[in-house]
Number of protein chains: 2
Amino acid sequence: MTAALVAPAELDARLERVRAAMRGAELDGLLVADPANIFYLSGYNAWSFYTPQLLFVPLEGEPVLAMREMDALGAHRTAIRYADGVLGYPEPLVHRPDTHPMVWVAEQLRERGHARRGRIGFEGDAHFFAVRSYLALREGIPEWDLVESRELVNWVRLVKSDFEIGEMRAAGRVASAAMRAAVDAIEEGVPLYELAARVQAAQARGVAGADGDYPAIVPMFLYGDGADTPHLTWTDERFGADTAVSIELAGAHHRYHAPLARTVALGRPSPELERLAAVTVEGLDAALAVLEPGRTPADAHAAFSRVLAGHGLEKRSRLGYSIGIGFPPDWGERTVSLRADDRTELRENMTFHVIAGMWMTGYGFEASESVRVAPGGADVLTDAPRRLIVKETP
Amino acid sequence: MTAALVAPAELDARLERVRAAMRGAELDGLLVADPANIFYLSGYNAWSFYTPQLLFVPLEGEPVLAMREMDALGAHRTAIRYADGVLGYPEPLVHRPDTHPMVWVAEQLRERGHARRGRIGFEGDAHFFAVRSYLALREGIPEWDLVESRELVNWVRLVKSDFEIGEMRAAGRVASAAMRAAVDAIEEGVPLYELAARVQAAQARGVAGADGDYPAIVPMFLYGDGADTPHLTWTDERFGADTAVSIELAGAHHRYHAPLARTVALGRPSPELERLAAVTVEGLDAALAVLEPGRTPADAHAAFSRVLAGHGLEKRSRLGYSIGIGFPPDWGERTVSLRADDRTELRENMTFHVIAGMWMTGYGFEASESVRVAPGGADVLTDAPRRLIVKETP
């Protein structure tokens with residue numbers, strides 16, 4: 001059941017890169033709480049992040065993985081690095097007003113000699129590093145000078161290894177299959193929850209050679225009153241004739257993600273939707289063409305914006321973001337954004353979700369691709385017609 | 001698409017109860033970040049919790065809902081309370097090392113007169129109240145004396161209204177259908193991802209009169225090497241003859257959850273699994289019988305433990321926890337636990353997931369029910385045979 005998803009040598013190379021970044025940031029240790037970062041470094045993969053857990057990475061010596069006692073066995077099965085040093089905190093510490101698991105973890109780290117004076121990074125924007133965890137560690141190990149790590153591990157994850165690109169391609173194939181399932185399912189009278197059912201089944205099944213993993217975000221459908229509103233999920237509303245829906249989904253494989261968005265018109269699309277779709281796709285094409293080594297996110301954003309401006313349009317939100325490993329609630333890496341002021345130098349094997357989402361009043365259009373930065377422009381990992389998809393009604 | 005799921009009068013009553021609890025805790029304001037708590041108080045329902053968002057509840061006057069600009073429209077569509085006062089922070093603040101959305105939110109709250117001296121509660125164990133959010137608010141509004149709220153809103157949620165019990169019953173029906181789909185899908189040679197596909201489709205579809213919403217946790221299957229290991233998700237392993245799998249899932253309806261767990265034997269179960277199942281179910285029955293008003297979680301735990309002890313067994317982790325509204329990554333309320341030292345007085349319409357999970361070495365058995373505390377003992381919201389389910393092989 002629980003074969004390792006990542007080779008030990010790959011994990012060791014990742015740890016070395018993280019430690020090099022720690023030296024650059026003058027950190028003596030790093031508290032890693034983001035499940036994607038823990039998976040990246042250790043291979044640990046379980047739905048256990050709803051109770052406190054932590055990977056402590058000292059600059060030298062063995063990292064320590066701390067989690068709930070109930071989950072320590074799962075760590076032994078999947079965390080092919082650091083499994084021997086897993087600290088499982090006692091079950092009675094779960095959900096207590098008077099004490100906290102990280103009080104215990106701090107004591108254990110002290111016993112193991114880690115309560116030494118030094119600069120220790122913490123992940124201030126990680127979803128699963130709660131304020132109580134932070135305060136308990138600060139109080140439990142006052143020797144530490146706790147400093148915000150600025151997504152240190154996330155930045156190390158930005159350029160993918162060849163192994164990771166293979167996983168991302170597999171995720172892209174799953175995404176493409178899930179989008180085909182969505183387009184197939186859309187018919188007049190079909191409720192949105194049925195569309196969700198078909199998409200989620202396709203996401204789990206995957207395709208030959210690439211079984212599906214759970215995506216970090218559920219499929220989202222922008223329809224009806226909510227056609228202009230991102231991030232709503234599904235309802236019991238049914239598709240009507242001559243309507244349109246924007247579909248946001250991802251394929252996931254071994255925790256790697258390839259998101260994909262398309263707008264589907266059921267029956268006759270409105271002229272304004274057709275115009276919006278044509279302009280947006282032209283802009284997306286232009287952005288993809290410049291996603292090559294040596295360019296910047298700002299270049300891609302400018303290429304997109306130039307096309308839109310020629311038609312009197314603009315997009316206020318970013319055009320995309322880096323992707324890779326994801327755990328709920330997000331498949332983004334929280335590092336590079338495709339926006340006007342991001343001057344990060346693009347390098348081969350960075351991977352992005354380029355999402356051209358245009359939400360007007362009462363309607364909207366989305367087209368996105370998951371891509372690899374490559375010489376000559378984006379290497380597209382997903383496979384769906386890059387246009388407004390029109391489904392004829394009988 | 002986006003009809004209100006909760007009546008305004010219900011939301012107003014909830015706010016009054018929260019404010020009564022705030023007065024009891026001598027709080028002048030409360031920072032609510034848990035998406036379940038925000039939904040409970042405002043009706044806001046979107047997959048937007050991966051960027052910072054907050055509901056500020058002053059003791060008097062209108063609460064303020066703050067979130068990303070892109071999501072403010074979704075708040076207008078679903079948050080039937082406080083939608084007029086939504087603060088949408090500018091898109092360029094997303095994922096910045098140099099500033100943070102909560103810096104902006106603090107400024108806005110100050111402009112609205114909320115930066116007054118007082119005790120302000122924060123949710124120290126909420127998954128989506130990051131340390132950077134906490135630090136930005138502490139720095140931005142030094143007038144505030146920030147104190148940990150000890151899950152104040154979660155405790156208010158503990159006793160359900162009649163409306164909520166109706167939603168929970170609907171969720172229970174969805175859970176029961178999803179479990180039937182799981183049992184139907186298990187056959188020799190079927191891969192675990194196919195089981196996930198069938199379960200997730202059933203969870204989304206729901207049943208007549210109760211459409212399915214996305215559960216806060218994906219379905220989990222304890223199988224093969226991992227049969228004794230909670231919280232692992234699915235793989236590409238295929239069911240073999242004379243094996244067993246423990247299935248953990250939930251039905252969700254309008255964000256309310258009813259979890260349900262069962263172990264299914266495919267072919268002949270081992271004698272030790274049959275013995276474990278019989279004892280565990282007997283213990284579960286005993287625990288359910290005492291879940292009535294006036295008793296305590298400790299009583300239920302004792303009833304279970306007595307049965308197990310008679311067979312030389314014990315369970316180190318808790319026997320269950322309160323449930324209701326859930327958003328990823330958890331459907332528990334983080335308040336009452338069914339364990340030996342929890343002496344909370346049980347009241348009618350508290351709802352629990354009672355999970356008798358026994359993980360031995362190399363095998364395990366689970367049976368759970370979602371229940372309402374009622375006179376005479378638990379009112380069971382889920383419907384599945386309470387025993388080891390045996391599927392004959394051809």
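**Hairpin view: strands β8(B) and β9(B) form a hairpin with two residues between them, and B:His254 in the turn has a positive phi of about 50°.** The model is predicted, so local features need pLDDT of at least 70 and side-chain atom pairs count only at pLDDT 80 or more, while totals for chains, interfaces and linings use all residues. Residues are numbered from 1 along each chain as its sequence is written, chains are lettered from A and ligands numbered from 1 in the order in which they are written, and side-chain values use heavy atoms, with hydrogens and water left out. Helices (H or I, at least four residues) and strands (E, at least two) are DSSP runs, numbered from the N terminus. β8(B) covers residues 243-253 and runs antiparallel to β9(B), with 11 bridges joining the two; strands pair if DSSP finds at least two bridges between them.

**Strand view: β9(B), residues 256-266, is mostly covered, with 11 of its 11 residues buried.** Buried means under 20% relative accessible area, exposed means over 50%, and partly exposed lies in between (1.4 Å probe, protein chains only). B:Tyr256, B:Ala258, B:Leu260, B:Arg262, B:Val264 and B:Leu266 point one way from the strand, B:His257, B:Pro259, B:Ala261, B:Thr263 and B:Ala265 point the other way, and all are buried. β9(B) also pairs with β15(B) (residues 389-391), this time running parallel through three bridges. There, B:Leu266 has B:Lys391 as its bridge partner.

**Interface view: chain A and chain B bury about 7200 Å² between them, 57% of it on carbon and sulfur atoms.** Buried area is the accessible area (1.4 Å probe) that two parts lose on being put together, summed over both. Each side is well represented in the list of touching residues: 79 come from chain A and 79 from chain B, where contact means heavy atoms within 4.5 Å. A salt bridge is a side-chain nitrogen of Lys or Arg within 4 Å of a carboxyl oxygen of Asp or Glu. A polar contact is a pair of N or O atoms within 3.5 Å; within protein, one must be able to donate a hydrogen and the other to accept it, and residues adjacent in sequence count only if both atoms are side-chain atoms. Between the chains there are 38 residue pairs in polar contact, both residues being at pLDDT 80 or more, and 10 salt bridges. One to zoom in on joins B:Arg77 to A:Asp228, at 3.0 Å from N to O. On the side of chain A that touches chain B, α3 (69-78), α5 (131-140), α8 (192-205), β7 (220-223) and β11 (330-337) each supply at least two residues. α8(A) gives the most, with 10 residues. By class, this side of chain A has 36 nonpolar, 17 polar and 26 charged residues. Here Ala, Val, Leu, Ile, Met, Phe, Trp, Tyr, Cys and Pro count as nonpolar, Asp, Glu, Lys and Arg as charged, and the others, Gly among them, as polar.

**Salt-bridge view: the structure holds 50 salt bridges over all chains.** Within helix α1 of chain A (residues 8-24), A:Glu10 and A:Arg14 sit four residues apart, about one turn of the helix. Their side chains meet at 3.0 Å, N to O, in a salt bridge, and both residues are buried. Another salt bridge brings A:Arg255 and A:Asp213 together at 2.9 Å, N to O. This pair links distant parts of the chain, 42 residues apart: A:Arg255 is in the loop between β8 (243-253) and β9 (256-266) of chain A, and A:Asp213 is in the loop between α8 and β7 of chain A. A:Arg255 and A:Asp213 are buried. In chain B, the salt bridge of B:Arg295 with B:Glu292 has its closest N and O atoms 3.6 Å apart. B:Arg295 is partly exposed, at 31% relative accessible area, and B:Glu292 is partly exposed at 22%.

**Residue view: B:Asp379 lies in strand β14 of chain B (residues 379-380).** B:Asp379 is buried, with a relative accessible area of 18%. Its side chain makes a polar contact of 2.7 Å with that of B:Arg372. Leaving out residues up to four places away in sequence, B:Asp379 touches B:Arg169, B:Ser370, B:Val371, B:Arg372 and B:Ala374.
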